[in-house]
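Here are my notes on the model, as a set of numbered points. Have the sequence and the coordinates open while you read.

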Amino acid sequence: MSAVAASAAIPVSRARRRKRIRGSSIAILVFLTMCAAFVSLPLYVVIVTSFKTMEQIALGEVFALPTEWTIEPWRMAWSEVCAGMTCEGVSHGFWVSMKILFPSLLLSIGISAVTGYALALWKIRWAGTFLFVLFLCAFVPFQIIMIPLVLLISSLGIFGTIWAVAIVHSILAMPLLTLIFRNFYKDVPEEIINAAIMDCGSFWRIFFEIILPMSANIMIVVLILMITTVWNDYLIGLIFGGVGTQPMTVILANTVITSFGVVKYNVDMAAALLTAIPPLIVYFALGKFFVQGITAGAIKG
Amino acid sequence: MSVRWNWVSPRIALIPALAITAIAFFGAIIWTVWISFTRSRRFPDYAIDLADWTRQYERLFGDNAWQTALQNVFVLALGSALAIVFGFILAAMIEREKRGEGFFRTLFLYPLAVSFIVTGLVWRWMFNPDLGVQNFLRGLGWEGASFNWLADSHTAMYGIILASIWHGLGFYMALMLAGLKSINTEIWSAARLDGVSFWRLYIEIIIPMLKFTFLTCAILLSLGVVKTYDIVLAMTGGGPGTSTWTPAYFVVNSYAARGNIGFASSAAVMMLVMTAVLFLPLVLVTAWQARRREAMVQ
């Protein structure tokens, strides 16, 4: 009885549903597009501002396209704009950030990959406890260890150098990266490791010849996570970088916040874009891995 | 021989990580807690005056800027929570309307790749009273439009909240989307067959199923709020006055500008306490979920 009623009702309801879904689809797409506009509006404003002349900016039409496109602000931002006392543009900061990035990546990924591998695949009795401790450390706010780290780094005699910034980045990233690597390596079948050990494989040979070649996926995820973290960092660069070794974000902030005289908004915005471009390139080129990276960084722990 | 080396090598390999944990995390935290009980000013002074060991904390809680910072943390946490709400709405819509999923996801997430400093500077420009959005709105004929939030100590915090939401929205959307995708597809078709209405489906079934995703988001958000520093610096520099100070800003300012290590340490310890209080539920939830997953496997 009910089956008959149901089968009779299906065509009607299906027809009605299809119509209703189309209506709600449009509503949803309109809403999503509006939200997308909100999200992309600041980027649009910054881009058009950076190509305008100061005369046009003074008119106050923030959303208007440049009437006269100029790359002069970009050139000034790159090589001439003043940050505090020095006037060499953000290019200097760009190269410093690059110099900080590579040792940071090498150190943090090197230590974390080996640690994660040892904890995941070699029977160490206190591995569980240590992982829990790392989990706690991953959430410690930087400010609480900042001052003792300054003293520690000073006592090593490298305070104010690129290495100081790179080492502090590696220290801070180590707990989280180790957890990510360990979660990846723990799914390696035990048989592979046992067979490798039988085959006279040592701890390091197994790591370099078996484990590392199969880590490409997780390496990309971790690389993206670290590149964006290190590049976008401000505080570590501010505290641990000295004169001439401050990363791009610090130079940018000094340029925009402590500018004297007539503010050149177009140059400021070009400088901001120059600073934002490297992580944005990483994001748009490797979006899928980026999402994995940040969600791994957020919850897997 | 090789067996012995295979016992020793992993333990040697763990030495750097153990050293970092012991020195840079545990040692440093103990150092900061210890210093917060001393009279240290510009240089560390390790003697604790037992009669007066709470002096830094008494000064801290008597400090108006610290009171403001504490209030701002709450305002910021409540305001930024909108990012979770909107993140869920967006995720639900993207999940429901499969068309354009990749496009919208990419677009909503890109602010996350932009640093807080750049985010702050960009929004500072949007809030510019003479040349920014306010001027545009007035130009449209809305004479009373006021978008100069950052200049007023009552509204500056809302400006920072807006920029934080812009920055974090995509992140919570991505987490929610992952949660929604993990929901068994049979629930959707079962609900459709039962004729459950749209609102009831979400409010009574989907949201309760995602309660741990929501909790995780809320905890991550509050942990992030406690650490808020860069965006405040880039947008307002703590101003007007001290109205947009946050605890993290307070610590850095006490250390770098005032040069007072003991005072900065006491504020940093309070940050650690806040983090610990927020963190405890995350540990419990993670443990609970791990147990549930094991139970499901068995």
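**Notes on the two-chain model**

1. Let's begin with Val168(A): setting aside neighbours within four places in sequence, Val168(A) is in contact with Leu149(A), Ile153(A), Ile236(A) and Phe240(A). Contact here means that the C-beta atoms of two residues, placed from the backbone, lie within 7 Å. Val168(A) also turns up among the residues with the most contacts inside the largest nonpolar core, which has 169 residues; the others named are Tyr117(A), Ala271(A), Ala272(A) and Ala267(B). Helix H7 (residues 162-185) of chain A gives the largest share of this core, 17 residues. A nonpolar core is a set of buried Ala, Val, Leu, Ile, Met, Phe, Trp, Tyr and Cys residues joined through C-beta atoms within 7 Å. A residue is buried if 20 or more other C-beta atoms lie within 10 Å of its own, exposed if 12 or fewer, and partly exposed in between, with C-beta atoms placed from the backbone.

2. Some housekeeping: this is a predicted model, local features need pLDDT of at least 70, side-chain atom pairs count only at pLDDT 80 or more, and totals for chains, interfaces and linings use all residues. Residues are numbered from 1 along each chain as its sequence is written, while chains are lettered from A and ligands numbered from 1 in the order in which they are written.

3. How far can you trust chain A? Its mean pLDDT (the predictor's confidence in each residue, from 0 to 100) is 84, and 89% of its residues reach 70 or more. Within chain A, helix H4 (residues 91-121) has the highest confidence, at a mean of 93, and helix H14 (residues 287-300) the lowest, at 66. Where pLDDT is low, the predicted coordinates should not be read in detail.

4. On secondary structure, chain A has 14 helices and zero strands. Helices (H or I, at least four residues) and strands (E, at least two) are DSSP runs, numbered from the N terminus. Of the 301 residues of chain A, 43% count as buried. Among contacts in chain A with a separation of 6 or more, 75% are between residues 24 or more positions apart.

5. Have a look at helix H10 (residues 216-232) of chain A. Its 17 residues reach 24 Å from first C-alpha to last, close to the 24 Å expected at 1.5 Å a residue; the expected span is 1.5 Å times one less than the number of residues. Twelve of the 17 residues of H10(A) are buried, so the helix is largely enclosed by the rest of the structure. The buried set includes Ile218(A), Val221(A) and Trp231(A).

6. Chain A is divided into domain 1 (2-78) and domain 2 (91-300), with bounds from an automatic or database domain assignment. Twelve residues from domain 1 of chain A and eleven residues from domain 2 of chain A make the contact. On the domain 1 side, H3(A) supplies the largest share, five residues. In chain B the assignment gives domain 1 (1-34) and domain 2 (55-297), and the C-alpha centres of these two domains of chain B lie 35 Å apart.

7. Which chain A residues does Ile29(B) touch? Not counting residues up to four places away in sequence, Ile29(B) touches Ile144(A) and Ile145(A), along with Leu272(B). Ile29(B) sits in helix H2 (residues 15-36) of chain B and is partly exposed, with 18 other C-beta atoms within 10 Å.

8. Overall, 69 residues of chain A are in contact with 76 residues of chain B. Helix H1 (residues 2-50) of chain A brings the largest share of the chain A side, 13 residues. By class, that side of chain A has 53 nonpolar, 14 polar and two charged residues. The classes are: Ala, Val, Leu, Ile, Met, Phe, Trp, Tyr, Cys and Pro nonpolar; Asp, Glu, Lys and Arg charged; the others, Gly among them, polar.
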